[in-house]
Amino acid sequence: YPLSAVLLHLEPVPLGQVSQVLAEIGYPEALPYLKHVLETSRANPITLSIVQIAHNRLAKGSPQAGFVSASQLYLELAWRQYNAVTNNFPLPGFDEATGKGLVWEFDREAGLVSIPVPGEIYGDVLAMRSCQEALRLDTEMDSALSLWLTANLRRENRLPQGERDRSYPASMHAPSFYIEMAGPLRQHDVLDQALNDGDTDLALDAIAALGATAGTNALINREGAIQPLLRALAYPDRRVRFNAAFAVTNARPKFTFPGSDLVVPVLAEAVRQTTSRHAITIADEPQTLNDLSATVKEVGYQPIGGLTLQDVISQVNTRPSVDLIVAKQSANRVELLYRHTAVDYRLAAVPIIAIVSPLDRNELRGRFPDTKRLFFADASDDLGRLRKAFEQAAKANHGAAISATDSTRYASSSLNLLREIAVNDDNVFNVSDAQSTLTQALDDSRQAIVAQAAGVLSLIDNPGAQVAIAGAAFDIARPMSLRVALLESLSESARLHGNYLSEVELNKLLELIKMGRGELVNAAAQAHGALTLPTSNLVPLITR
């Protein structure tokens, strides 16, 4: 690497000598540098012939390399460096003793200089530098720009806290500057790579850039493969799903598009978001299921149990995100479970822990050799081993846990967007798809979320929505300020859609009005007027 880095800056005689040494070493990583010299150097013909011989010798292992430009060779090298990090492959130049990797560059005054960088970002730094060389030779090489943006964002994400990347010039901007300036096409490339690698932090960076810069057409009509942002709606990590749904909704699309039906369900999922973790538990026998559910609870998950997947689907529709699926069944039944969940966007990426015999484990590994969703535990494992299996599955398929603050922020943001959809009478998204979730949210322990949910329900023209708001407003166990907000939502529902309440609810409203004075009674009176109830109900209050 240091000899390659200095190659372009050598006089003819040492240039030829170093080229011969690189050929003797035999590492193909030197190929783009040698080709770079052949394409740009003004050295004498004899020296260039020596460089050509060295290049041809290294290119023997890959015949096509002789017909590829230096810029393309640099890009191929960048991908090898980037993928080495992704797959935890060793990189030449990394010193395990110090945990650092050496980056080499040539300075006209100081000569060849080494820069130590933290091992966690070494491969990304190398990939960025290879991409820079490709772009110097071909300024229109979009694929090299996309990879540079991707590696730069990942470099920042993985830089250990308290450490500095000495290879990143002080004159350079933060990675977010470049990704936002690059625009939607390159941002989609970054997101696509993040989804392929299962890199949650990188995906969130790309979605944030798309949300900040991309309009509707750029977000949902990308040329080529399936839109990465729409793929993100079914990503395992809920933060990616939520932010993707927020970005799509904020783009205000005017027409339906493939995947538009997933947006409101994901927004509804964000409303249900809490800090609790949920696991589907499935077993062939009721007693086995009870034991499995108890174990799952001990490990820290709320169980959703059943003897088949169909038994739990209705609960999945009303719960926050499912984090794990735990099955204690035969290999054939586990395979069936895997295939059925794979076609349900809510469960397609959820990891499955199969508690099976060693024989069935080998059988399933043969049937699913490449899956990242399937994990195994033995029926004889104690609680400690099972806990490790759960942690392994969760770590492999999810990002960091969502805090209580973030849960509330996601729920509130989603409710704001659902309200916008309802207010705008959206023809693309149907807010009624979230009605059951909004109704359940009226029982949320977070008062602000309850008030917001009622506000969205008030915009849905459905008797059940109005009745649900009224029932919550008449609940005397709720705080006074919350009941006032709920009555205001009841008024809004009545103004927009008319009176859907039964005699039971109307009598409760009248009883509330008879209480006397105060903000709560005033809100109840407003609801009475909005519901266009008989004015004769007012007379006793005047004449008493």
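Author: Two strands count as paired if DSSP finds at least two bridges between them. Helices (H or I, at least four residues) and strands (E, at least two) are DSSP runs, numbered from the N terminus. This is a predicted model, in which local features need pLDDT of at least 70, side-chain atom pairs count only at pLDDT 80 or more, and totals for chains, interfaces and linings use all residues. Residues are numbered from 1 along each chain as its sequence is written, and side-chain values use heavy atoms, with hydrogens and water left out.

Reader: Which residue in strand 3 is the bridge partner of G101?

Author: In general, the strands of a sheet pair through backbone hydrogen bonds, either parallel or antiparallel. Here the bridge partner of G101 is V117 in strand 3. Strand 2 (residues 100-107) pairs with strand 3 in the antiparallel sense over eight bridges.

Reader: What is the order of the strands in this open sheet of three strands?

Author: The order is 1-2-3, with antiparallel pairing. Strand 1 (94-95) and strand 3 (111-118) each have a single partner strand, so one side of each is left without a neighbour in the sheet. Helix 6 (residues 122-137) packs on this sheet and touches strand 1, strand 2 and strand 3, where contact means heavy atoms within 4.5 Å. The direction of helix 6 makes about 25° with that of strand 2; axes are lines fitted to C-alpha atoms, for helices over the stretch in contact, and angles run from 0 to 180 degrees between N-to-C directions.

Reader: How is the open sheet of five strands arranged?

Author: Its order is 5-4-6-7-8, with parallel pairing. Strand 5 (302-306) and strand 8 (374-378) are the edge strands, each pairing on one side only. From one strand to the next, the twist averages 25°. Strand 6 (residues 324-328) and strand 7 (residues 352-356) pair in the parallel sense over three bridges, and V326 stands opposite I353 in strand 7.

Reader: Which helices lie across strand 7 and strand 8?

Author: Helix 17 (residues 331-342) lies across strand 4 (278-283), strand 6, strand 7 and strand 8, and runs at about 170° to strand 7. Helix 18 lies across strand 7 and strand 8, running at about 170° to strand 8.

Reader: How many salt bridges does a search of the whole structure find?

Author: Side chains of opposite charge can pair when their charged atoms come close. A salt bridge is a side-chain nitrogen of Lys or Arg within 4 Å of a carboxyl oxygen of Asp or Glu, and the search finds 24 of them. One joins E363 to R367, with the closest N and O atoms 3.1 Å apart. Because E363 and R367 are four residues apart in helix 18 (residues 358-367), about one helical turn separates them. E335, R339, E363 and R367 are linked in a network of salt bridges.

Reader: Where in the chain do E24 and R57 lie?

Author: The side chains of E24 and R57 meet in a salt bridge (3.1 Å, N to O). This pair links distant parts of the chain, with E24 in helix 2 (residues 12-25) and R57 in helix 4 (residues 45-59), 33 residues apart.

Reader: Is E24 exposed or buried?

Author: Buried means under 20% relative accessible area, exposed over 50%, and partly exposed in between (1.4 Å probe, protein chains only). E24 counts as exposed because its relative accessibility is 56%, whereas R57, at 43%, counts as partly exposed.
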